[in-house]
2 protein chains.
Amino acid sequence: MKPTSERRRPVTRGDVALHAGVSTAVVSYVVNAGPRNVAPATRERVLDAIRDLGYRPNAAARALKLGVSGIIGLVVSDNTNPFFAEYARAVEREAAGIDLSVILTNSALSASLEHQLVQKLVSRQVDGLLLASTDDDPDLESAKDAHIPVVLIDRAGPEEGFASVGVDFREASRTAVEHLIAHGHRSIGIISGLSGGTTTRDRELGWAEALAVAGLPEGPMVRVDFGRIGGYEAGRRLLALQDRPTAIYAISDMQAIGLLRSVHEAGVRVPEDLAVISFDGSAESEYSWPPLTAMRQPVAEMARAAIEALGDGMTGITAHQTFRAELVIRRSCGCDAPDDEVSG
Amino acid sequence: MKPTSERRRPVTRGDVALHAGVSTAVVSYVVNAGPRNVAPATRERVLDAIRDLGYRPNAAARALKLGVSGIIGLVVSDNTNPFFAEYARAVEREAAGIDLSVILTNSALSASLEHQLVQKLVSRQVDGLLLASTDDDPDLESAKDAHIPVVLIDRAGPEEGFASVGVDFREASRTAVEHLIAHGHRSIGIISGLSGGTTTRDRELGWAEALAVAGLPEGPMVRVDFGRIGGYEAGRRLLALQDRPTAIYAISDMQAIGLLRSVHEAGVRVPEDLAVISFDGSAESEYSWPPLTAMRQPVAEMARAAIEALGDGMTGITAHQTFRAELVIRRSCGCDAPDDEVSG
């Protein structure tokens, strides 16, 4: 469903008049092109205010399509991360189905850049905003003020006043670590993220819980950034430990990919010397060597839910949808995985 | 530079009048909101025509920013291909520098979907269009008609009436194959694409030329799609040959990544038993195992050139800019590459 102005708090003629510093009558003259003339400079100010506020007088909205951009904004923290690239593609596909285009932007893991991007998309009058925030409590005042619906994606839990979507990070991590335990591992490390946000914390919690339930001590934890190079550095640190773990849970594909490079360079065999399970389950995890057993996020389903929540105009309503990640068995965990099951 | 109406063939008031079926005087009344009143239905028709044609009367353009969307469209064939993901990011970065946003869309290698996407972006009145076409002669009439500047990216050569940007695919392929020859290889195969377009053909030509110059026969050629699974299948076919090549040139990173999986499954060692050089040089090529020696495309430079060409309003002018790909030495070719040179 396309977001419609009916579902937002409508901007009134009075709002426009206040913003432009004119009377409501003058706003009417501009909108209706009469019956009285308006000085060009004043008219320009009113039109600016109409645009800034997203005011949609019935007639003008039809004629000028003011504010009904047919575009939604998507802010991710890294479009070259295969997980977000696949997520963006799924969003784009869902959006295209209801004739919406998607502006994809990257915050590069910077909260201040993210804030700027949100402002910019709001000022472009997008019809809605999907945000994978780097911040647990993103600043979305500008979107709220402009009555632009926002859905938070890649979330661990609800955010007051917003619709949100995400996997159960904690449960997925428990599943991954339980699988390593079932393979007989007793020393299981984790490569985690630097952010300290809830999605990171939940993955750490799931790892710790699975170990606790099995009566196992926590293996080493290395926190690095979510990129490939972070995983590579984490791998070098973990492999240098005197008491090296026999299994590692990496909380993102990119980190697992980096880990694999350091492991190969050290001549360590996966899974014989070191078992690995990754999180995300993007195509890159399938084509690494060895292919990575991973907790796959249901990207297509989450994208659909996010677009639907946007269309429902859920602004102002706290509503979180949780999805389950699926354990995809490949070689890196030690399972006998067939050679010829490959896809995209 | 932001595209400006001055550099395009300007749409005239007469064009609008003709399109709306009114006199030029009526167009003026609408644009200037006077001095005479215009019936609402007529005014709506004129505003539609203004929007359809992208007409920018000086005053109205400033006041309504009709057609000046601040958005450019980017059409790639696969945003999950790391090469295009990095390209899109570079385009977005360049565009942000001049306060433009980017709508990223994927044609999924379909010429008909690409055509639809172009139409849609044109109807959204983007300020410009960057297109990595799946077609050597893309249908861009709609963009031309709307006077929206178009720059073709990922091109092998000039296209009549358009600005375009791309690497010298042929020279880059010669360089890659010459490097394999310098390593002593006499049987060098190629994994190529199914498309048969000029960028594919030029890579095949460069491969054949380097072999011819060295007095070597052409090794086996396998044409598959540009995805990872294509490379995987090509690898299985090449490895099954009785007269297996000792080196393979893969014309994309994704194909090389797929090849590596089939090679590992077969227990073949890279580079000892089989040397590999890839094309694109995306981050994925750096974190495969072994890391891929690759012809790296200068993505940032090409994105900058494409945005500049767009800003120059080069519509209607045939102008192709060629860039050189750089040979990045890693392990897969047989060179002694250091372990610790890793990046993003």
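Biologist: Quick one on terms first: a crossing is left-handed if the near helix is turned anticlockwise from the far one by less than a right angle, and right-handed if clockwise. So which hand is the crossing where H1(B) passes H3(B)?

Modeller: H1(B) passes H3(B) in a right-handed crossing. Helices here are DSSP runs of H or I with at least four residues, strands are runs of E with at least two, and both are numbered from the N terminus. Mind that this is a predicted model: local features need pLDDT of at least 70, side-chain atom pairs count only at pLDDT 80 or more, and totals for chains, interfaces and linings use all residues. Residues are numbered from 1 along each chain as its sequence is written, while chains are lettered from A and ligands numbered from 1 in the order in which they are written.

Biologist: At what angle do the axes of H1 and H3 of chain B cross?

Modeller: Roughly 125 degrees, with the axes of H1 (residues 13-20) and H3 (residues 40-53) of chain B coming within 9 Å. Axes are lines fitted to C-alpha atoms, for helices over the stretch in contact, and angles run from 0 to 180 degrees between N-to-C directions. So H1(B) is oblique to H3(B) (under 35 degrees is roughly parallel, over 145 roughly antiparallel, 65 to 115 roughly perpendicular, the rest oblique).

Biologist: Which residues of H1(B) make the contact?

Modeller: B:Asp15, B:Val16, B:His19 and B:Ala20, against residues of H3(B) including B:Val46 and B:Ile50. Contact means C-beta atoms, placed from the backbone, within 7 Å.

Biologist: Switching to chain A: what order do the strands of the open sheet take?

Modeller: S7-S6-S8-S9-S10-S12, 6 strands with mixed pairing; two strands pair if DSSP finds at least two bridges between them. The edges are S7 (221-224) and S12 (326-328) of chain A, each pairing on one side only. Twist averages 20 degrees from one strand to the next.

Biologist: How many bridges link S6 and S7(A)?

Modeller: S6 (residues 188-193) of chain A pairs with S7(A) in the parallel sense over 4 bridges. A:Ser192, for one, has A:Arg223 in S7(A) as its bridge partner.

Biologist: And which strands does H9 touch?

Modeller: H9 (residues 198-213) of chain A packs on S6, S8 (247-250) and S9 (275-280) of chain A, at about 170 degrees to S6(A).

Biologist: What rotation superposes chain B on chain A?

Modeller: One of 180 degrees, with 0.3 Å of shift along its axis and an RMSD of 0.6 Å, by least squares on C-alpha atoms of residues with pLDDT of at least 70 in both copies. The two copies are therefore related as by a two-fold rotation axis. B:Ile103 has the C-alpha nearest the axis in chain B, 2.0 Å from it.

Definitions and conventions. Two residues are in contact if their C-beta atoms, placed from the backbone, lie within 7 Å.
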